[in-house]
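I set out to record how two neighbouring elements meet and how one residue is placed. The entries follow the order in which I looked things up.

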Amino acid sequence: MTDSNKDSRAKSKTGCKTESKKAKDDKLAKLPPKESFSEWYHELLMTAEIIDNRYPVKGMCVWFPFGFAIKKNVYGIIRELLDPDHQETQFPLMIPENEFMKEAQHIKGFEDEVYWVTCGGTTPLDIKLALRPTSETAIYPMFKLWIRSHADLPLRIYQIVNTFRYETKHTRPLIRLREITSFKEAHTVHATWEDAAEQVETAIKRYSEFYSRLALPFLVSRRPSWDKFPGADYTTAIDVIMPDGRTLQVGTAHHLGSTFAKTYEITYEAENGEQKLVSQTCYGISERCIAALISVHGDEKGLVLPWEVAPTQIVIVPILLGDKEKVLAVSRELQSRLAAAKMRVLLDISDERPGAKFYKWEMKGVPIRLEVGPRDIEKGVVTLARRDGTKKAVPMDGLEEALLGEASELQTALYSKARQKHEARVKEVSSIDEAKAQTLEGVALVPWCGEVDCGHELENQVEANMLGEPQYVSFPEAACAVCGKVSRNRTYMARQY
Ligand code: 5CA
Ligand code: ZN
């Protein structure tokens with residue numbers, strides 16, 4: 001028997017009516033413990049109304065309106081970060097087979113994952129059409145037409161679209177989909193390889209800012225050569241550590257060099273009149289960012305959302321005791337004040353009792369709850385409860401400003417809690433055995449000489465994936481865990497989603 005069950009039974013002995021209601025709420029309030037991460041995750045998606053996984057096609061899910069509202073806010077941040085120097089655009093979903101099949105390395109990486117459209121009605125198509133698994137082969141033939149001279153460069157575009165991948169690994173809502181509904185793909189074109197390399201750095205910086213705004217800590221690493229994007233010179237990736245210690249790749253930036261430029265003949269006239277091949281990059285993020293957001297911050301009561309992305313930022317719960325009309329009037333006045341201050345505020349005047357309302361809005365991750373009762377009104381305050389557990393009385397005067405302060409403190413608190421968990425999951429090791437033990441708990445930082453053979457050996461022996469070389473950090477010399485060669489190189493290793 002759980003403690004809360006014991007609790008409600010003890011109280012029900014008193015025969016009090018409200019306490020039997022409390023017993024009912026306790027029954028409502030059960031998500032599996034977060035230690036059972038997979039069950040917790042699936043249950044939360046449903047109970048908090050983010051994703052309905054009952055659609056009858058494997059790997060394809062439905063966004064509940066509430067989940068969609070979160071997504072809209074999250075992708076609003078991405079747009080805000082890209083719009084200053086990227087143009088948003090849209091390309092067709094279907095790619096003709098002849099274009100799709102042009103780039104050999106790219107095909108090799110994707111051919112097992114492509115859905116093909118072969119008929120229009122009952123008529124077989126002359127040229128099969130691929131449902132985009134990503135859009136290089138849709139976009140780059142158009143780039144060939146668009147780019148003429150150095151004056152057209154750099155070119156930076158992005159689109160947010162659905163893509164299709166016939167994934168054969170275990171599918172999971174938001175994490176491994178066959179229809180990725182919210183694939184943000186940016187594609188850039190540059191005059192030189194160095195300009196493109198700089199763009200990859202810029203992309204990673206933008207993504208870093210994006211994840212900071214979601215209060216999520218992450219790792220940045222250069223993927224090993226055997227795990228780079230098909231057709232890329234190199235791939236830099238961002239990974240978040242999930243509650244079970246496995247990592248989730250939540251963004252990648254690829255330096256494409258001139259591989260696609262050669263295939264699709266994308267050239268420009270340089271200032272000296274010479275025709276030159278362009279250099280390209282692409283970088284992508286999917287709804288995995290939302291999987292990371294809800295998994296890292298969520299708790300046993302449900303979602304925990306940062307202020308910036310919460311569909312409802314503040315819920316007002318009137319405590320209808322004493323002069324009910326007065327309590328309602330004050331609550332309504334507060335609601336319009338906060339709405340006027342551009343806060344997403346909701347006044348819950350449904351028939352449920354306050355406890356049930358608290359439960360409901362906690363499940364939905366609302367950052368701040370305001371309770372307004374007759375005693376609060378007498379004192380000129382409201383009771384403020386933050387989703388991280390902080391509770392206090394706050395004066396009604398100047399409430400707007402106080403709320404913004406609380407929102408920013410909540411952001412800091414969410415980040416520092418997540419950061420602590422993140423750091424506890426990353427450990428330096430020096431041997432294969434240690435790496436093996438550590439990857440059962442989280443991420444191992446392993447000395448690796450950089451040789452491909454040693455890399456494969458590491459993955460086989462440790463039975464985990466190599467995320468690759470950490471970026472923006474340096475390390476002292478150490479002996480490769482496989483061959484013993486001394487270098488400053490390291491790799492992250494982890495069990496990956
Ligand atoms: N064209 C490039 C950059 S836009 C590209 O397709 N890169 S990717 O293959 O690495 O995908 C970009 C990101 O999408 C990945 O880093 C990962 O976070 C996410 N992603 C990839 N496959 C899936 C999937 N099946 N379900 C959900 N997200 C996925
Ligand atoms: Zn080695």
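**Conventions.** I worked from a predicted model, in which local features need pLDDT of at least 70 and side-chain atom pairs count only at pLDDT 80 or more, while totals for chains, interfaces and linings use all residues. Residues are numbered from 1 along each chain as its sequence is written, chains are lettered from A and ligands numbered from 1 in the order in which they are written, and side-chain values use heavy atoms, with hydrogens and water left out.

**Entry 1: the helix pair.** I looked up helix H15 (residues 432-441) and helix H16 (residues 452-462), whose axes come within 9 Å and cross at roughly 55°. This angle makes H15 oblique to H16 (oblique is what remains after under 35 degrees, roughly parallel, over 145, roughly antiparallel, and 65 to 115, roughly perpendicular). I noted that Ile432, Ala435, Lys436 and Thr439 of H15 meet Leu458, Gln461 and Val462 of H16; contact means heavy atoms within 4.5 Å. I sorted these contact residues into four nonpolar, two polar and one charged.

**Entry 2: Glu459.** I found Glu459 in helix H16. Glu459 counts as buried because its relative accessibility is 17% (buried is under 20%, exposed over 50%, partly exposed in between, with a 1.4 Å probe and protein chains only). I then asked which side chain makes a polar contact with the side chain of Glu459. That partner is Trp226, at 3.2 Å; a polar contact is a pair of N or O atoms within 3.5 Å, one able to donate a hydrogen and the other to accept it. The side chain of Glu459 also reaches the backbone nitrogen of Met466, at 2.7 Å.

Notes
Axes are lines fitted to C-alpha atoms, for helices over the stretch in contact, and angles run from 0 to 180 degrees between N-to-C directions. Helices (H or I, at least four residues) and strands (E, at least two) are DSSP runs, numbered from the N terminus. Ala, Val, Leu, Ile, Met, Phe, Trp, Tyr, Cys and Pro count as nonpolar, Asp, Glu, Lys and Arg as charged, and the others, Gly among them, as polar.
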